[in-house]
Amino acid sequence: MSSELCRDERRFLELLADRAAFGLRQSEEQELRALTERVPGGDAECMERSAAVVQLAGVAIYPLPRSLRDRLRDTGRRCVVSLQGGLFGEE
Amino acid sequence: MPLSLLQRVASGDAAAVDACLDAYGGLVWSLARRMCRRHEDAEDAVQEIFVEIWRKAEKYNPEVASEATYITMIARRRLIDRYRRQSRVPDTTALSDDLVSGGIEHERQVEIREEAAQARHYLEQLRPEERKVLELSINEGMSQSQVAEAMNMPLGTVKTHARRGLIRLREMLGTADVIGSKGADA
């Protein structure tokens, strides 16, 4: 592995960590996009998963209000049916 | 191997929607109410998050993350987007408990609590300053400068602790079974 690739990988991880913890400035977002092209097999979500673990560790779980659950259930069932019909595509 | 709830949703199993809400509704609601001042905002946020969960269910890979981690990741991203759109800092003052009366508790939520305990175990293995920086930035929604002020540290040191902490967590997740699943991190 070349030292340049090592440098790119290190910087790639740093930027992913910065994004997960604090968000990035526009110039850093551009730098991250360029690095994503250069780092083979780079896992762009790895730090988001680490951040999710931090969040999961700190959350107190409260039950979902019943009225909200009923609405979510109706919406969810419609979405799942639409997804199968290809009517609910990606943004 | 049986399909996970999200894989069942992705395959068009409408009954999995109910099971998914039973399992993860409390988690998503709890994350939203941490960051929303008003009950209505929290409800709107939860609706947005679940629509995204249904849409992204097909991208879920149990070899890479547990469902709870994947759903937390989607929820966190959506909540941050909401508050960026509204141009205000997340309000991490929890809604009062009287606003959540009438909720329902499911057995699967016990499993989520166990996953949370395992996540805390990982966090406890970080250096105290790394853990504190991550808790303030990720759980309390503080900016880098707010964390620096709260911890009386230079800005660069705050960033270094956050990076080291997250990279260390990534390494832990990569070498142990992914929280709540048997797969290894990809």
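Chain A holds 4 helices and 1 strand (DSSP runs, H or I of at least four residues for helices and E of at least two for strands, numbered from the N terminus). This is a predicted model, in which local features need pLDDT of at least 70, side-chain atom pairs count only at pLDDT 80 or more, and totals for chains, interfaces and linings use all residues. Residues are numbered from 1 along each chain as its sequence is written, and chains are lettered from A in the order in which they are written.

**Chain A**
- Starting at the N terminus, the order of elements in chain A is α-α-α-β-α.
- Chain A has 91 residues, of which 43% count as buried (under 20% relative accessible area, 1.4 Å probe, protein chains only).
- Of the contacts in chain A between residues at least 6 apart in sequence, 57% join residues at least 24 apart; contact means heavy atoms within 4.5 Å.

**Helix α4 of chain A and helix α2 of chain B**
- The axes of α4(A), residues 66-84, and α2(B), residues 15-35, come within 10 Å and cross at roughly 130° (lines fitted to C-alpha atoms over the stretch in contact, with angles from 0 to 180 degrees between N-to-C directions).
- From α4(A), the contact includes Leu68(A), Leu72(A), Gly76(A) and Val80(A).
- From α2(B), the residues in contact include Val17(B), Leu21(B) and Trp29(B).
- By class, the contact of α4(A) with α2(B) has 7 nonpolar, 1 polar and 5 charged residues (Ala, Val, Leu, Ile, Met, Phe, Trp, Tyr, Cys and Pro are nonpolar, Asp, Glu, Lys and Arg charged, and the others, Gly among them, polar).

Key: Side-chain values use heavy atoms; hydrogens and water are left out. Buried means under 20% relative accessible area, exposed over 50%, partly exposed in between (1.4 Å probe, protein chains only).
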